[in-house]
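Please look over the chain shown here before reading on. The questions that follow take up its elements, its confidence, its surface and its charged pairs.

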Amino acid sequence: MSDDHDDPIPAEPPRILTEAARRALAEAEARRRSYEDVEAERPTEKGGRGGRDPARYGDWEVKGRASDF
């Protein structure tokens, strides 16, 4: 017997979204792009901790230890 199968895995049928759902997804994508554009314009931190801004997300995390401030 051969291990080569030409039968593709059947794909799920496409979801039928309401107009409101399509609009919400489009708005979310626009917000995501806007956020990414703003983040790209910010200067990069030299010697920083990396990751997301702790002042925005509420805690510092270094080597697995988090501290609130």
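Q: How many helices and strands are there in the chain, and which pattern does the chain follow along the sequence?
A: Helices (H or I, at least four residues) and strands (E, at least two) are taken as DSSP runs, numbered from the N terminus. The chain has two helices and two strands, and read along the sequence these give the pattern α-α-β-β.

Q: Which element of the chain has the highest mean pLDDT?
A: This is a predicted model, in which local features need pLDDT of at least 70 and side-chain atom pairs count only at pLDDT 80 or more, while totals for chains, interfaces and linings use all residues. Here pLDDT is the predictor's confidence in each residue, from 0 to 100, and the chain averages 77, with 58% of the residues scoring at least 70. Helix α2 (residues 54-57) has the lowest mean among the elements, 62, whereas the highest, 93, belongs to helix α1 (residues 19-41).

Q: What percentage of the residues in the chain is buried?
A: Residues are numbered from 1 along each chain as its sequence is written, and side-chain values use heavy atoms, with hydrogens and water left out. A residue is called buried under 20% relative accessible area, exposed over 50%, and partly exposed in between (1.4 Å probe, protein chains only). Of the 69 residues in the chain, the buried ones make up 1%.

Q: Which residue meets R22 in a salt bridge?
A: A salt bridge here is a side-chain nitrogen of Lys or Arg within 4 Å of a carboxyl oxygen of Asp or Glu, and the structure holds four of them. At 3.1 Å, N to O, the side chain of R22 meets that of E19.
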